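Please take a walk through this structure, following its side-chain contacts.

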Amino acid sequence: GFYSDEETSQIAGGVALLETFNQLPRKRNIATKFPSVSSTIGRRPKESNAWSKSEFIVRADLEELLAFMWHFNSRARMTPADLEKTVVQENSLHSFIGYVCRKGIHKGFVVNLLPRDGLYSFVWKRLKKNVVVLAVTPIKHELKPITPDRVREEIPYVVELEEISQSRCKL
């Protein structure tokens with residue numbers, strides 16, 4: 001399908017995030033519960049921001065996995081912490097704007113964190129026969145303005161879906 005300049009730029013930005021992580025000079029592996037999952041964190045020297053990358057294998061073909069990831073507001077993807085998951089605007093078959101809000105944390109008088117929300121542009125593109133990239137970028141939209149009763153997250157991320165056999169994929 002046709003990708004606008006903005007969508008093409010968003011996909012390129014997502015691929016650049018993956019490349020940036022791979023080039024970080026300081027990385028370390030994190031222990032995980034499951035052998036099919038690996039997690040790594042990294043950072044640049046003298047920077048406070050950390051980067052993270054997790055990889056895992058799932059039993060699904062590429063199209064099934066993309067469909068599951070794409071329908072982010074399906075009942076199967078809801079958690080008890082979700083207050084709202086909404087598609088704000090459908091741009092095309094490969095692009096939409098999505099909103100998510102998760103409950104705050106309340107523990108007595110000490111911890112009282114407001115709900116966290118995020119408004120993101122989602123774009124996916126097949127880069128190779130067996131590789132699809134889903135790039136997610138924070139945006140602003142008049143239908144979901146920032147409100148004082150919620151804290152707006154602005155964390156870009158990218159998911160690379162790679163089919164490694166007919167019924168197995170790596171994320």
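What follows covers a helix, then charged pairs, then aromatic rings.

The model is predicted. Start with helix α1, residues 5–22. At 1.5 Å a residue, its 18 residues should span 26 Å. The end C-alpha atoms of α1 are 26 Å apart, which agrees. Which residues of α1 are buried? They are Glu 7, Gln 10, Ile 11, Gly 14 and Phe 21. These residues cover an arc of only 100° around the axis, so they lie on the same side of α1.

Turn to the charged side chains. Side chains of opposite charge can pair when their charged atoms come close. The structure holds 10 salt bridges. One of them joins Asp 82 and Lys 85, with the closest N and O atoms 3.6 Å apart. Buried means under 20% relative accessible area. Asp 82 has 10% relative accessibility, so Asp 82 counts as buried. Lys 85, at 14%, counts as buried too. Asp 82 and Lys 85 are also linked with Arg 102 in a network of salt bridges.

Glu 84 forms a salt bridge with Lys 144, at 2.7 Å from N to O. Glu 84 lies in strand β4 (residues 82–92), while Lys 144 lies in the loop between β9 (131–138) and β10 (151–153), so the pair ties together parts that are 60 residues apart in sequence. Glu 84 is partly exposed, with a relative accessible area of 21%. Lys 144 has a further contact: its charged end sits over the ring of Tyr 99, 4.4 Å from the ring centre. The charged end of Lys 125 likewise sits over a ring, that of Tyr 3, 4.9 Å from its centre.

Another salt bridge pairs Glu 162 with Lys 170, at 3.8 Å from N to O. Glu 162 is partly exposed at 22% relative accessibility. Lys 170 is partly exposed as well, at 26%.

Now the rings. The structure holds 5 aromatic pairs. Among them is the edge-to-face pair of Trp 70 and Phe 96, 4.6 Å centre to centre with 80° between the planes. Trp 70 lies in helix α2 (residues 62–70) and Phe 96 in strand β5 (residues 95–102), so this pair ties together parts that are 26 residues apart in sequence. Both Trp 70 and Phe 96 are buried.

How is Phe 96 arranged with Phe 122: stacked or edge-to-face? The pair is stacked, 4.6 Å centre to centre with 10° between the planes. Phe 122 lies in strand β8 (residues 116–128), 26 residues from Phe 96. The relative accessible area of Phe 96 is 4%, so Phe 96 is buried. Phe 122, at 5%, counts as buried. Trp 70, Phe 72, Phe 96 and Phe 122 form one aromatic cluster.

How values were computed
Residues are numbered from 1 along each chain as its sequence is written. This is a predicted model: local features need pLDDT of at least 70, side-chain atom pairs count only at pLDDT 80 or more; totals for chains, interfaces and linings use all residues. Side-chain values use heavy atoms; hydrogens and water are left out. Helices (H or I, at least four residues) and strands (E, at least two) are DSSP runs, numbered from the N terminus. The expected span of a helix is 1.5 Å times one less than its number of residues. Buried means under 20% relative accessible area, exposed over 50%, partly exposed in between (1.4 Å probe, protein chains only). The arc is that of the directions from the helix axis to the C-beta atoms. A salt bridge is a side-chain nitrogen of Lys or Arg within 4 Å of a carboxyl oxygen of Asp or Glu. Rings of Phe, Tyr and Trp (its six-membered ring) pair if their centres lie within 6.5 Å; planes under 30 degrees apart count as stacked, over 60 as edge-to-face and the rest as tilted. A charge sits over a ring if NZ of Lys or CZ of Arg is within 6 Å of the ring centre and within 35 degrees of the ring normal.
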